[in-house]
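Here is a short report on one protein model. Take a look at the sequence and the structure, then read on.

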Amino acid sequence: MRLNFILKLTVLTVLVLVGITAQLGAKTYATYTAGFYFNYPDDWTLVPYNTVDEYLARSNAGRPLFNYEAAFAPDSSDPFFANQYFIVFVDTVGQLSDKQIDSVLDQYSKTFGTGIKYFPVGDFLANVHSNEPAYDKDRKIITVVNDIVANDKSVKKNLIMTKFYERGVVSFYCYAPAATFDTDKAVFQDVIDS
């Protein structure tokens, strides 16, 4: 009985939030199994799973990359990966302790060959630099930017934003052309802020 009430209350809350965000010009993506939601721009769309799967297969992506939650891109992008887009990965391992988060931060340091920079709450993307992971301890968000290079020229940027939350870890892998990245990262920040 109590579980049924909680489920109804959750559904009602999500519907109210969807209604509010619709008025604000944003769409909402919610996952009940992972227990979170976020808003994304009104002129973006949830990319069909078979389209993303086909793209990952053509890119020779490893099997773990097929375990994504969802992918989003502007309605006007054809194909979806032509311009900016993001893919969401979720690991519902439960809430991580500070020691476990420190272990993840240590792994980021090893992967990128540099120490973690700690930034306070605020515009956590303002001072982001390529291959330099940063952590906002208050918001429990790790950010790092990578350059995607072709012919010795940066053609795209990959912004990884990893958020620790009560049910586990959510990672947003965001991609944008290098020329528009500074504008596009504001969209990505709005998504994770929601």
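Which kind of contact do the side chains of Lys110 and Asp106 meet in? They meet in a salt bridge, with 3.3 Å from N to O. This is a predicted model. Both Lys110 and Asp106 lie in helix 3 (residues 98-112). They sit 4 residues apart, about one turn of the helix. Lys110 counts as exposed, at 58% relative accessibility. Asp106 counts as partly exposed, at 39%.

**Overall fold**

The protein has 4 helices and 10 strands. From the N terminus, the order is α-β-β-β-α-β-β-α-β-β-β-β-β-α. The chain has 194 residues, and 41% of them are buried. Among contacts with a separation of 6 or more, 46% link residues 24 or more positions apart. The accessible surface is about 11100 Å². Carbon and sulfur atoms account for 54% of that surface.

**Salt bridges**

Side chains of opposite charge can pair when their charged atoms come close. The count for this model is 5 salt bridges. The table includes three of them.

| Pair | N to O distance |
|---|---|
| Arg58 and Glu54 | 2.9 Å |
| Lys110 and Asp106 | 3.3 Å |
| Asp147 and Lys157 | 2.7 Å |

Take Arg58 and Glu54. The two residues are 4 apart in helix 2 (residues 49-58), so about one helical turn separates them. Arg58 is exposed, with a relative accessible area of 52%. Glu54 is partly exposed, at 49% relative accessibility.

Now the pair between strands. The side chains of Asp147 and Lys157 meet in a salt bridge of 2.7 Å, N to O. Asp147 lies in strand 8 (residues 141-150) and Lys157 in strand 9, so this pair ties together parts that are 10 residues apart in sequence. Asp147 is partly exposed, with a relative accessible area of 33%. Is Lys157 buried or exposed? Lys157 counts as buried because its relative accessibility is 18%, and the cut-off for buried is under 20%.

**Thr162 and its neighbours**

Thr162 lies in strand 9 (residues 153-165). Thr162 counts as buried, at 4% relative accessibility. Which residue's side chain does Thr162 join in a polar contact of 2.8 Å? The partner is Tyr108. Leaving aside residues up to four places away in sequence, Thr162 touches Tyr108, Lys140, Ile141, Ile142, Val169, Val170 and Ser171.

Methods:
Residues numbered from 1 in each chain as written. Predicted model: local features only at pLDDT ≥ 70, side-chain atom pairs only at ≥ 80, totals over all residues. Heavy atoms only, no water. Buried < 20%, exposed > 50% of the residue type's maximum accessible area, 1.4 Å probe, protein only. Contact = heavy atoms within 4.5 Å. Areas by Shrake-Rupley, 256 points an atom, 1.4 Å probe, with all protein chains shown as cover. Polar contact = N/O pair within 3.5 Å; in protein donor to acceptor, adjacent residues only side chain to side chain. Salt bridge = Lys/Arg side-chain N within 4 Å of Asp/Glu carboxyl O.
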